[in-house]
Amino acid sequence: MPEPYDPQKIEPIWQEYWARERFAAADTTAEKDLYMLMMFPYPSGDLHVGHGRNYILGDCLFRMFLMQGRRVLNPMGWDAFGLPAENAAIKRSIHPREWTLSNIERMKRQFRVWGILYDWDKEIASCEPTYYRWNQWLFVRMLERGLAYRGKSPVNWCSSCKTVLANEQVVNGGCERCGTTVVQRDLEQWFLRITAYADRLLEGLDRLEDWSEKVKVMQRNWIGRSEGAEFTMRVEGRDDVEGFSVFTTRPDTAFGMTFAVLAPEHPLVGAVTTPDRRAEVESFVERVRHQTEIDRLSTEGEVSKRGVFTGSYAVNPFTGRPVPIYLADYVLMSYGTGAIMAVPGQDQRDWDFATAYGLPIVRTVQPPEGWEGQAYVGDGPAINSDWLNGMHKAEAIARATAWLEEQGIGKGKVNFRLRDWLISRQRYWGTPIPVVYCDRDGIVPVPDDQLPVVLPTDISFGAVEGNPLAHSPSFLAATCPKCGGPARRETDTMDTFMDSSWYYLRFVNPHVHDRMFDVDRVSDWMPVDLYIGGIEHAILHLLYARFINKVLHDFGMVPDDEPFTVLFNQGMITAKSATSGKLEKMSKSKGNVVAPDALIARYGADTERVYTLFMGPPEKECEWTDDGVAGAHRFLQRVWAHQDVVAAAAGREGDAGADARLHVKTHEVTKRVHDDLGRYHPNTASAAMMELSNAIGEAAERASEGALRTAYDTLLRLLHPIAPHITEELWRALGHDGSLLRAGWPTFDGELLARQQVTLAVQVNGKLRTTIQTAPGLDAEAAGALAHEAAAKWLDGKEIVKVVHVPDRLVSFVVRG
């Protein structure tokens with residue numbers, strides 16, 4: 001009798017074995033086969049089961065690729081700079097580096113306990129000078145080409161901490177660290193000119209066929225390309241004021257402009273504010289200074305408190321009539337021209353504002369019959385628009401733009417929502433920006449032979465307010481590289497997104513020291529074939545990485561201008577919040593974190609892996625339940641017990657019919673697992689393997705030893721990527737030598753399966769949309785998953801109300817929306 005299943009005993013043995021045998025080591029001097037990559041994590045130190053979904057999925061695919069004989073580069077590193085480490089240093093009176101490195105060691109131990117394999121020979125950490133030196137080198141190259149510059153920008157400023165805060169660090173109008181009310185303040189800061197790449201960033205999305213449309217739409221919206229017109233409006237009765245420009249995507253509606261709006265920061269605010277309105281305007285401007293950009297762009301809040309009349313009027317050039325000039329918090333100086341024409345008949349926000357302030361509403365596009373009480377934003381014939389009347393949208397826009405150009409007051413223009421990347425951070429724990437300030441020579445970049453500019457160690461965290469670098473004499477004092485005179489070093493550090501914008505290139509050969517990365521090897525191994533990470537990185541990280549890769553492509557350093565061929569975004573694991581009682585993303589503050597340590601101590605890492613990958617489609621949000629964990633453990637116990645079934649059948653010839661059925665089931669499941677893991681669906685692959693396990697159990701008394709052993713061997717090989725420890729142990733117990741990682745991936749007999757297939761009809765709301773060929777006997781979940789994929793174009797954007805499954809015949813979706 002074999003010993004009972006004891007994961008606590010066997011798992012450490014195999015973890016040591018995999019590390020010793022260096023299965024994950026990749027030789028990047030050889031020709032490229034496959035480069036897969038997990039988005040490298042911030043070393044927070046404590047991983048929960050929600051974090052595990054990303055890394056366990058990646059390891060499952062990596063192990064499958066190895067078993068298929070692929071040569072795979074699968075490295076790991078650390079996005080190690082950032083404010084949390086600096087906050088921890090203040091709270092715990094330790095250096096951020098010490099806190100960060102200790103967290104890295106804890107996380108590496110957790111990866112090992114999960115049974116996750118990485119090529120640790122290629123490990124990088126962005127907080128090491130050998131890495132951030134090349135952030136600085138790249139910054140200097142971009143500065144030389146006009147892609148980096150210094151300019152003023154409004155920021156969230158905490159006067160107590162004396163630092164800039166990101167929008168997410170402002171909580172209820174106050175600093176998350178100290179609670180001080182946050183104000184808007186203009187600071188001279190460093191920017192990267194990402195707007196110069198806006199069109200190319202958009203165009204590149206069209207070539208990324210293996211990215212989800214959701215992510216591409218999010219990036220398109222963030223870039224926000226708008227075609228329209230920009231024109232000048234003069235201030236009535238004020239020859240001493242030049243006027244102001246507005247940008248609009250709908251110049252055809254300008255006959256319906258009944259007011260104009262300036263951003264509270266607009267330079268003309270002081271000039272256009274009349275004496276009787278000055279006190280109220282100044283009060284409003286001061287109030288807006290305490291709002292974050294997110295608050296200002298929100299559609300919530302009382303509309304009647306979101307604007308103020310300046311007392312002046314602008315002239316609508318289309319009608320020649322004056323319109324009042326207002327300020328409103330939702331107009332930003334950093335977008336467009338900082339001024340808008342307001343057409344309430346054709347814009348809902350303008351409609352709400354006009355209604356709140358008693359301003360006229362003039363429709364300039366004929367709405368459908370019965371359309372009342374709201375703006376109409378659709379197409380239709382122009383009305384109340386003089387020489388545009390009767391024209392539809394496209395024609396009217398072209399004619400209105402031409403008229404502006406004929407009058408010499410405007411022109412057609414393309415505008416972008418995207419703004420240049422502000423990389424300055426007034427913090428210690430980041431890459432120092434490599435410039436000095438000289439009274440004689442101004443801003444001077446640090447020469448390459450003086451890089452890296454290293455963070456100083458004479459820092460007392462918590463002893464001073466604001467950026468600790470500004471209080472370090474050893475860091476501040478510098479020599480001007482041009483004139484040799486005294487200079488002051490820049491104390492801003494770089495946004496940590498800079499670190500993650502090019503790390504994938506460094507992984508190919510992190511041991512090169514005289515270059516940013518190994519250009520020759522990168523030309524062979526880039527782009528990354530499979531990139532896995534959370535949807536929360538859909539915009540900023542991925543956009544900045546695409547931008548920097550395009551810059552490096554223009555520098556002749558990388559072969560492709562897009563860094564990631566296939567992008568897979570896993571969904572969140574949720575659990576019931578202790579504070580709200582609702583299902584929410586796991587977080588310590590919500591009291592719903594499930595720590596893996598206790599789970600593994602009770603059930604083993606393989607149980608966590610099986611449940612994590614079985615609980616649902618990995619791209620979808622899923623709820624963590626204790627019952628599900630217990631179910632996964634019971635499955636592994638059945639797999640363990642199958643060795644008894646094989647042993648009991650020793651020498652048995654068996655029933656031919658039972659052998660044939662088990663033979664077909666083995667090939668059927670092999671194909672399903674192969675296909676499902678190939679499309680990143682380990683949940684349905686797991687379900688298929690559970691069916692094979694059940695089939696082995698059902699055939700235990702009738703099938704021959706050979707049929708049972710073949711099925712069991714196949715199950716262990718298929719299951720290994722998902723539950724690697726138990727399968728390695730059982731593989732050896734069955735008398736095999738070596739690791740399953742070198743045992744080969746199972747194959748299936750396509751001709752055999754073709755003879756067994758059935759045709760499933762797929763309906764949507766009663767209409768036949770497609771058919772699919774499948775193995776017989778699929779359960780409702782497996783059949784539904786295949787049918788959903790086949791009918792995706794008829795289901796996208798629809799709510800699935802009901803799914804009807806008739807085994808081996810039909811899957812019918814009832815949808816609405």
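Q: What makes W14 and Y17 count as buried?
A: The model is a predicted one. Buried means under 20% relative accessible area, and both W14 and Y17 carry that label, so each of them falls under that limit.

Q: Why is the aromatic pair of W14 and Y17 called edge-to-face?
A: The ring centres of W14 and Y17 are 5.2 Å apart, and rings pair if their centres lie within 6.5 Å.

Q: Why are W14 and Y17 separated by about one helical turn?
A: Both belong to helix α1 (residues 7-21), and because they are 3 residues apart there, about one helical turn separates them.

Q: Why is the aromatic pair of F318 and W403 called tilted?
A: Here the centres are 4.8 Å apart and the planes 35 degrees apart. Stacked requires under 30 degrees and edge-to-face over 60, so the pair of F318 and W403 is tilted. Both residues are buried.

Q: How do you know that the pair of F318 and W403 links distant parts of the chain?
A: F318 lies in the loop between β13 (307-315) and β14 (322-328), whereas W403 is in helix α12 (residues 393-407), and the two are 85 residues apart. The structure holds 43 aromatic pairs in total.

Q: What makes R145 count as lying over the face of F555?
A: The distance from R145 to the ring centre of F555 is 4.1 Å.

Q: Which residues of the largest nonpolar core touch the most other members?
A: They are Y35, Y503, Y504, F547 and L552, in a core of 179 residues. Helix α2 (residues 49-67) gives the most to this core, with 11 residues. Apart from this core lies another, of 34 residues, including F244 and M391.

Q: What does F547 touch, leaving aside residues up to four places away in sequence?
A: F547 touches M142, L192, R193, I194, Y197, L201 and W421. Contact means heavy atoms within 4.5 Å, so each of these residues has an atom within that distance of F547.

Q: Which element gives the most to the lining of the second largest pocket?
A: β25 does, with 5 residues. The lining comprises 34 residues, of which S212, E619, K620, H681 and H788 lie nearest the centre of the pocket. The space in this pocket is about 1500 Å³.

Note on methods
Residues numbered from 1 in each chain as written. Predicted model: local features only at pLDDT ≥ 70, side-chain atom pairs only at ≥ 80, totals over all residues. Heavy atoms only, no water. Phe/Tyr/Trp six-rings, centres within 6.5 Å; stacked < 30°, edge-to-face > 60°. Helix = DSSP H or I, 4+ residues; strand = E, 2+ residues; numbered from the N terminus. Buried < 20%, exposed > 50% of the residue type's maximum accessible area, 1.4 Å probe, protein only. Lys NZ or Arg CZ within 6 Å of the ring centre and 35° of its normal. Core = buried A, V, L, I, M, F, W, Y, C linked by side-chain atoms within 4.5 Å. 1 Å grid on protein atoms, 1.4 Å probe; cavity = no way out; pocket = protein on both sides within 12 Å on 5 of 7 lines; lining within 4 Å. Points joined across faces, edges and corners; volume = space filled by probe spheres on them.
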